[in-house]
Amino acid sequence: MEARDKTLIQDCLDGRVNAFEELIAPYQDRLYNTLYRMLGNAEDAAELFQEAMIRVFRGLGSYQGDSSFYTWLYRIVLNVAFTHRRRHRLRVVSVESVAGGGVLDFTDQDEAIRPGRSLEDRETRDVIERALADVPEVYRAVLVLKDVEGLKYEEIAEILDVPIGTVRSRLHRARCEMRDRLQPYLDSGTI
(Lines give C-alpha, C1' and ligand atoms only; values in the text may rest on other atoms or scores of the structure.)
Protein backbone atom coordinates (compact mmCIF):
# COMPACT_ATOMS: atom_id res chain seq x y z
CA MET A 1 0.00 0.00 0.00
CA GLU A 2 1.23 3.49 -0.80
CA ALA A 3 2.44 5.49 2.20
CA ARG A 4 0.06 8.31 1.23
CA ASP A 5 -2.96 6.02 1.31
CA LYS A 6 -1.84 4.37 4.54
CA THR A 7 -1.44 7.75 6.26
CA LEU A 8 -4.79 9.05 5.02
CA ILE A 9 -6.59 5.86 6.00
CA GLN A 10 -5.20 6.19 9.50
CA ASP A 11 -6.20 9.87 9.56
CA CYS A 12 -9.77 8.87 8.59
CA LEU A 13 -9.87 6.25 11.30
CA ASP A 14 -8.61 8.86 13.77
CA GLY A 15 -11.53 11.14 12.86
CA ARG A 16 -9.82 13.74 10.65
CA VAL A 17 -12.75 15.03 8.61
CA ASN A 18 -10.99 16.05 5.38
CA ALA A 19 -8.78 12.96 5.14
CA PHE A 20 -11.41 10.85 3.37
CA GLU A 21 -11.85 13.40 0.59
CA GLU A 22 -8.06 13.54 0.13
CA LEU A 23 -7.87 9.76 0.12
CA ILE A 24 -10.53 9.30 -2.57
CA ALA A 25 -9.65 12.30 -4.78
CA PRO A 26 -7.05 10.58 -7.00
CA TYR A 27 -9.42 7.70 -7.74
CA GLN A 28 -12.86 9.24 -7.96
CA ASP A 29 -12.92 10.07 -11.68
CA ARG A 30 -11.95 6.56 -12.76
CA LEU A 31 -14.37 5.00 -10.29
CA TYR A 32 -17.24 7.21 -11.44
CA ASN A 33 -16.42 6.53 -15.10
CA THR A 34 -16.47 2.79 -14.45
CA LEU A 35 -19.91 3.08 -12.88
CA TYR A 36 -21.13 5.20 -15.78
CA ARG A 37 -19.87 2.63 -18.28
CA MET A 38 -21.45 -0.21 -16.38
CA LEU A 39 -24.82 1.53 -15.94
CA GLY A 40 -25.04 3.90 -18.92
CA ASN A 41 -26.74 6.59 -16.87
CA ALA A 42 -25.02 9.60 -15.29
CA GLU A 43 -27.59 10.01 -12.52
CA ASP A 44 -27.40 6.36 -11.48
CA ALA A 45 -23.62 6.45 -11.65
CA ALA A 46 -23.46 9.53 -9.41
CA GLU A 47 -25.93 8.03 -6.93
CA LEU A 48 -24.11 4.71 -6.79
CA PHE A 49 -20.75 6.44 -6.52
CA GLN A 50 -22.03 8.10 -3.36
CA GLU A 51 -23.36 4.79 -2.07
CA ALA A 52 -20.02 3.12 -2.78
CA MET A 53 -18.11 5.89 -1.01
CA ILE A 54 -20.33 5.46 2.06
CA ARG A 55 -19.51 1.74 2.01
CA VAL A 56 -15.82 2.54 1.62
CA PHE A 57 -15.90 4.98 4.52
CA ARG A 58 -17.76 2.55 6.77
CA GLY A 59 -15.51 -0.34 5.79
CA LEU A 60 -12.22 1.52 6.03
CA GLY A 61 -11.42 -0.13 9.34
CA SER A 62 -11.71 -3.57 7.74
CA TYR A 63 -9.25 -2.78 4.95
CA GLN A 64 -6.19 -4.88 5.71
CA GLY A 65 -3.89 -3.89 2.86
CA ASP A 66 -3.74 -7.36 1.27
CA SER A 67 -4.42 -5.72 -2.09
CA SER A 68 -3.80 -2.18 -3.21
CA PHE A 69 -6.26 0.39 -1.90
CA TYR A 70 -7.28 1.17 -5.48
CA THR A 71 -8.13 -2.50 -6.11
CA TRP A 72 -10.15 -2.62 -2.90
CA LEU A 73 -12.06 0.52 -3.99
CA TYR A 74 -12.72 -0.89 -7.45
CA ARG A 75 -14.11 -4.10 -5.97
CA ILE A 76 -16.55 -2.17 -3.80
CA VAL A 77 -17.66 0.03 -6.71
CA LEU A 78 -18.24 -2.99 -8.96
CA ASN A 79 -20.15 -4.82 -6.23
CA VAL A 80 -22.41 -1.79 -5.79
CA ALA A 81 -22.99 -1.68 -9.57
CA PHE A 82 -23.73 -5.42 -9.76
CA THR A 83 -26.17 -5.20 -6.86
CA HIS A 84 -27.93 -2.23 -8.42
CA ARG A 85 -28.24 -3.95 -11.79
CA ARG A 86 -29.63 -7.09 -10.20
CA ARG A 87 -32.22 -5.02 -8.34
CA HIS A 88 -33.21 -2.85 -11.28
CA ARG A 89 -32.27 -5.05 -14.21
CA LEU A 90 -30.85 -2.08 -16.09
CA ARG A 91 -29.71 -2.90 -19.58
CA VAL A 92 -28.33 0.37 -20.94
CA VAL A 93 -24.69 1.30 -21.40
CA SER A 94 -23.73 4.49 -23.15
CA VAL A 95 -21.59 4.18 -26.26
CA GLU A 96 -20.14 7.59 -25.50
CA SER A 97 -18.73 6.16 -22.29
CA VAL A 98 -17.32 3.13 -24.10
CA ALA A 99 -15.65 5.56 -26.48
CA GLY A 100 -13.85 7.08 -23.49
CA GLY A 101 -16.25 9.94 -22.99
CA GLY A 102 -15.80 11.16 -26.54
CA VAL A 103 -17.76 10.67 -29.72
CA LEU A 104 -16.98 7.77 -32.03
CA ASP A 105 -15.75 9.09 -35.37
CA PHE A 106 -16.67 6.63 -38.11
CA THR A 107 -16.00 8.86 -41.11
CA ASP A 108 -13.63 11.29 -42.73
CA GLN A 109 -14.07 14.93 -41.78
CA ASP A 110 -15.74 15.74 -45.11
CA GLU A 111 -18.26 12.95 -44.54
CA ALA A 112 -19.13 14.38 -41.11
CA ILE A 113 -20.78 17.48 -42.58
CA ARG A 114 -23.16 15.45 -44.74
CA PRO A 115 -26.84 16.01 -43.85
CA GLY A 116 -28.27 13.15 -41.86
CA ARG A 117 -24.89 12.12 -40.54
CA SER A 118 -25.86 12.95 -36.96
CA LEU A 119 -28.92 10.72 -37.19
CA GLU A 120 -26.86 7.87 -38.63
CA ASP A 121 -24.28 8.26 -35.88
CA ARG A 122 -27.02 8.15 -33.25
CA GLU A 123 -28.47 5.00 -34.82
CA THR A 124 -25.02 3.38 -34.80
CA ARG A 125 -24.52 4.30 -31.15
CA ASP A 126 -27.94 2.85 -30.33
CA VAL A 127 -27.06 -0.45 -32.03
CA ILE A 128 -23.77 -0.68 -30.12
CA GLU A 129 -25.44 0.31 -26.84
CA ARG A 130 -28.04 -2.42 -27.26
CA ALA A 131 -25.38 -4.98 -28.15
CA LEU A 132 -23.27 -4.07 -25.13
CA ALA A 133 -26.31 -4.03 -22.85
CA ASP A 134 -27.16 -7.57 -23.97
CA VAL A 135 -23.73 -8.90 -23.05
CA PRO A 136 -24.09 -10.68 -19.70
CA GLU A 137 -22.95 -8.55 -16.78
CA VAL A 138 -19.96 -10.69 -15.76
CA TYR A 139 -18.52 -10.50 -19.28
CA ARG A 140 -19.37 -6.81 -19.69
CA ALA A 141 -17.49 -5.96 -16.49
CA VAL A 142 -14.30 -7.56 -17.82
CA LEU A 143 -14.78 -5.92 -21.22
CA VAL A 144 -15.16 -2.46 -19.67
CA LEU A 145 -12.23 -2.92 -17.28
CA LYS A 146 -9.89 -4.21 -20.01
CA ASP A 147 -10.91 -2.49 -23.23
CA VAL A 148 -12.21 0.80 -21.83
CA GLU A 149 -10.29 1.30 -18.59
CA GLY A 150 -7.15 -0.33 -19.96
CA LEU A 151 -6.43 -2.35 -16.84
CA LYS A 152 -4.02 -5.31 -16.91
CA TYR A 153 -5.28 -8.85 -16.58
CA GLU A 154 -3.70 -9.12 -13.13
CA GLU A 155 -5.49 -5.99 -11.91
CA ILE A 156 -8.83 -7.20 -13.24
CA ALA A 157 -8.33 -10.60 -11.62
CA GLU A 158 -7.62 -8.93 -8.29
CA ILE A 159 -10.58 -6.55 -8.57
CA LEU A 160 -13.03 -9.30 -9.50
CA ASP A 161 -11.36 -11.84 -7.21
CA VAL A 162 -11.07 -14.46 -9.95
CA PRO A 163 -8.08 -16.22 -11.55
CA ILE A 164 -6.35 -14.58 -14.52
CA GLY A 165 -7.50 -17.45 -16.73
CA THR A 166 -11.09 -16.61 -15.86
CA VAL A 167 -10.48 -12.98 -16.79
CA ARG A 168 -9.06 -14.03 -20.15
CA SER A 169 -11.90 -16.42 -20.90
CA ARG A 170 -14.56 -13.88 -19.87
CA LEU A 171 -12.93 -11.22 -22.03
CA HIS A 172 -12.83 -13.59 -24.98
CA ARG A 173 -16.47 -14.48 -24.39
CA ALA A 174 -17.44 -10.78 -24.10
CA ARG A 175 -15.73 -9.93 -27.37
CA CYS A 176 -17.40 -12.89 -29.09
CA GLU A 177 -20.78 -11.81 -27.72
CA MET A 178 -20.26 -8.28 -29.07
CA ARG A 179 -19.10 -9.60 -32.45
CA ASP A 180 -22.08 -11.94 -32.72
CA ARG A 181 -24.53 -9.17 -31.82
CA LEU A 182 -22.99 -6.65 -34.21
CA GLN A 183 -22.27 -9.02 -37.14
CA PRO A 184 -25.71 -8.65 -38.82
CA TYR A 185 -25.30 -4.88 -38.77
CA LEU A 186 -21.76 -5.12 -40.10
CA ASP A 187 -22.81 -7.51 -42.86
CA SER A 188 -25.67 -5.26 -43.93
CA GLY A 189 -23.47 -2.15 -43.85
CA THR A 190 -25.67 -0.52 -41.21
CA ILE A 191 -22.60 0.12 -39.09
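The structure is a predicted model, in which local features need pLDDT of at least 70 and side-chain atom pairs count only at pLDDT 80 or more, while totals for chains, interfaces and linings use all residues. Residues are numbered from 1 along each chain as its sequence is written, and side-chain values use heavy atoms, with hydrogens and water left out.

Q: What makes up the pattern of the chain, read along the sequence?
A: The chain has eleven helices and zero strands, where helices (H or I, at least four residues) and strands (E, at least two) are DSSP runs numbered from the N terminus. Read along the sequence, this gives the pattern α-α-α-α-α-α-α-α-α-α-α.

Q: Why is Leu-132 called buried?
A: Buried means under 20% relative accessible area, exposed means over 50%, and partly exposed lies in between (1.4 Å probe, protein chains only). Leu-132, which is found in helix H8 (residues 117-134), has 4% relative accessibility and therefore counts as buried. Across the chain, buried residues make up 42% of the 191 residues.

Q: Why is Asp-161 called exposed?
A: Asp-161 has a relative accessible area of 63%, so it is exposed. Asp-161 lies in the loop between helix H10 (153-160) and H11, and it has a positive phi of about 60° although it is not a glycine.

Q: What makes a set of residues a nonpolar core, and which residues have the most contacts inside the largest one?
A: A nonpolar core is a set of buried Ala, Val, Leu, Ile, Met, Phe, Trp, Tyr and Cys residues joined through side-chain atoms within 4.5 Å. The largest has 53 residues, and those with the most contacts inside it are Met-53, Val-56, Leu-60, Phe-69 and Leu-160. Helix H5 (residues 69-88) gives the most to this core, with eleven residues. Leaving aside residues up to four places away in sequence, Met-53 touches Phe-20, Ile-24, Leu-31 and Val-77, where contact means heavy atoms within 4.5 Å.

Q: How do you know which kind of pair Phe-20 and Phe-57 form?
A: Rings of Phe, Tyr and Trp (its six-membered ring) pair if their centres lie within 6.5 Å, and planes under 30 degrees apart count as stacked, over 60 as edge-to-face and the rest as tilted. The centres of Phe-20 and Phe-57 are 5.2 Å apart and their planes stand at 85°, so the pair is edge-to-face. Phe-20 lies in helix H2 (residues 19-24) and Phe-57 in helix H4 (residues 42-59), so the pair ties together parts that are 37 residues apart in sequence.

Q: Why is the pair of Tyr-63 and Trp-72 called tilted?
A: The ring centres of Tyr-63 and Trp-72 are 5.0 Å apart and the planes are at 50°, so the pair is tilted. Tyr-63 and Trp-72 are both buried.

Q: Why is H9 called roughly perpendicular to H11?
A: The axes of helix H9 (residues 137-148) and helix H11 (residues 164-188) come within 8 Å and cross at roughly 100°. Angles of 65 to 115 degrees count as roughly perpendicular, under 35 as roughly parallel, over 145 as roughly antiparallel and the rest as oblique, so H9 is roughly perpendicular to H11. The residues of this contact divide into eight nonpolar, no polar and five charged, where Ala, Val, Leu, Ile, Met, Phe, Trp, Tyr, Cys and Pro count as nonpolar, Asp, Glu, Lys and Arg as charged, and the others, Gly among them, as polar.

Definitions and conventions: Axes fitted to C-alpha atoms, helices over the stretch in contact; angles between N-to-C directions.
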